[in-house]
Amino acid sequence: MNITDIAIPEYVEVESDERLGKIRSIFERENPKGIIVVEDGEYAGVIGEKQLIQSHIDDDTKAAALMKSAPKVDRNEDVREVARMLVEGDTKIAPVYEGEKLWGTVTGDAILEAVIDNLDALTVDQIYTDDIITVTEEDRIGKAINRLREHGISRLPVVNENGKLTGVLTTHDIVDFVTRRMNRQGKGDRRGDIDRMLDLPVYDLMTSPVFTTNPGESVDDAVAKMFERDVAGLVVTPTDSDAEVIGVLTKTDVLRALTYTEEEQMDVQVTNIDLLDTMSRESLVQSITEVVDKYQEMQVHHAHVRFHEHKEKLRGTPLIQSQVRLRTSHGQVAGSGEGYGAEHAFRVALDKLERNVLEMKGLNADEEYRGQLLRKLGEL
């Protein structure tokens, strides 16, 4: 299946020197999945809601400073490959080309709508993210924004003082609130207004009640629920309780699942692949394969590597956070780490992953590697 009938010729386009103030108003008025940025008539990048929640960005900032690169997609490209490109590019929209000409756009939503009937074979338990990042009702918006940026996510379940789920805060909630406040305040120095917004409690902006799913629900039903309620994700709760948070399921998780293959070769996906500096995608895949091959009893269906760049640098090399997550026959397992440069961060995360794999119940390494791995864990 390709995207010929999924892509659309309509898109919102701005020049690279357009002011952020106007871009914010476009998001409020038209609520696009993203905006195409052009420079001298040529495609330059995209701007999404994630970019709009970055701090210290005022209305006079130019689009060029805020945009990020997104992969160019051929109008006849396979839908699985486009899903992979959107996830690896950490974007909801990509420009679609017909030959050398910018023809239109394709979005993650359009892909999910086209394939939703084929998702009934998957359950939420197989693909949801179980890394639980939450905020409390009393936490400040500034803290919530930092968590969204630090972890590269778009939503935070909100819990009360007893740890019970009471709401959810998303990047869309924040962008919508900030845009409306800016419009009401008018022009002038807004530094004080922004500081006051960041100091508001999460309770003031969160959405409640929360739309949820459970591990046993089919993915097609979960996606249908997202479209019906116009949300990009659901909080995952146990079947017998809607007050306990066990994870999050987003449209990005579903797009990632579209790239899973039944081939012998392990499917590997990399988010923010542009941060790879001193190593290639091929060597990254080979390193994961070498770890996986040590465990005959574990079948890996999919591997996801995510990089996130921090502001801190050492002699010009940025501090990078890396997470490696495997979807296996024994469940999901992950490892994360930080280092200066993507390769260093990846090696730390991969070592942590291997330790976590060894600790999985009922899984034994091949004898050739067992002594080495036990020594890593300090058990000898």
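Lys251 sits in helix α11, residues 251-258; helices are DSSP runs of H or I with at least four residues, strands are E runs of at least two, both numbered from the N terminus. This is a predicted model: local features need pLDDT of at least 70, side-chain atom pairs count only at pLDDT 80 or more, and totals for chains, interfaces and linings use all residues. Residues are numbered from 1 along each chain as its sequence is written, and side-chain values use heavy atoms, without hydrogens and water.

**Overall build**
- The protein has 14 helices and 16 strands.
- Of its 380 residues, 52% are buried, meaning under 20% relative accessible area; exposed is over 50%, and partly exposed lies in between (1.4 Å probe, protein chains only).
- The accessible surface is about 18,800 Å², with 43% belonging to carbon and sulfur atoms (Shrake-Rupley method, 1.4 Å probe).

**Lys251 and its surroundings**
- Lys251 is buried, because its relative accessible area is 10%.
- Leaving aside neighbours within four places in sequence, Lys251 contacts Asp109, Leu112, Met226, Phe227, Val231 and Ala232; contact means heavy atoms within 4.5 Å.

**Salt bridges**
- The structure holds 11 salt bridges, each a side-chain nitrogen of Lys or Arg within 4 Å of a carboxyl oxygen of Asp or Glu.
- Asp130 and Arg325 pair at 3.1 Å, N to O.
- This pair links distant parts of the chain, 195 residues apart: Asp130 is in the loop between α6 (124-127) and β7 (135-136), and Arg325 is in strand β15 (residues 317-328).
- Asp130 is partly exposed at 32%, whereas Arg325 is buried at 11%.
- Asp139 bridges to Lys143, with the closest N and O atoms 3.3 Å apart.
- Asp139 is buried at 12%; Lys143 is partly exposed at 36%.
- Glu18 bridges to Lys22, with the closest N and O atoms 3.6 Å apart.
- Lys22 is partly exposed at 43%.

- In α1, Leu20, Gly21, Ile23, Arg24, Ile26 and Phe27 are buried.
- Asn31 follows α1 and has a positive phi, near 50°.
- Asp17 lies in the loop between β1 (13-15) and α1 (20-30), and is exposed at 53%.
- Asp17 belongs to a negative surface patch with Glu13, Glu15, Glu39, Asp40 and Glu42.
- Patch residues have over 30% relative accessible area and no salt bridge; like charges are joined within 9 Å.
- Asp and Glu count as negative, and their charge is placed at CG of Asp or CD of Glu.

How values were computed:
Patch = residues over 30% accessible without salt bridge, like charges linked within 9 Å, V, L, I, M, F, W, Y side chains within 5 Å.
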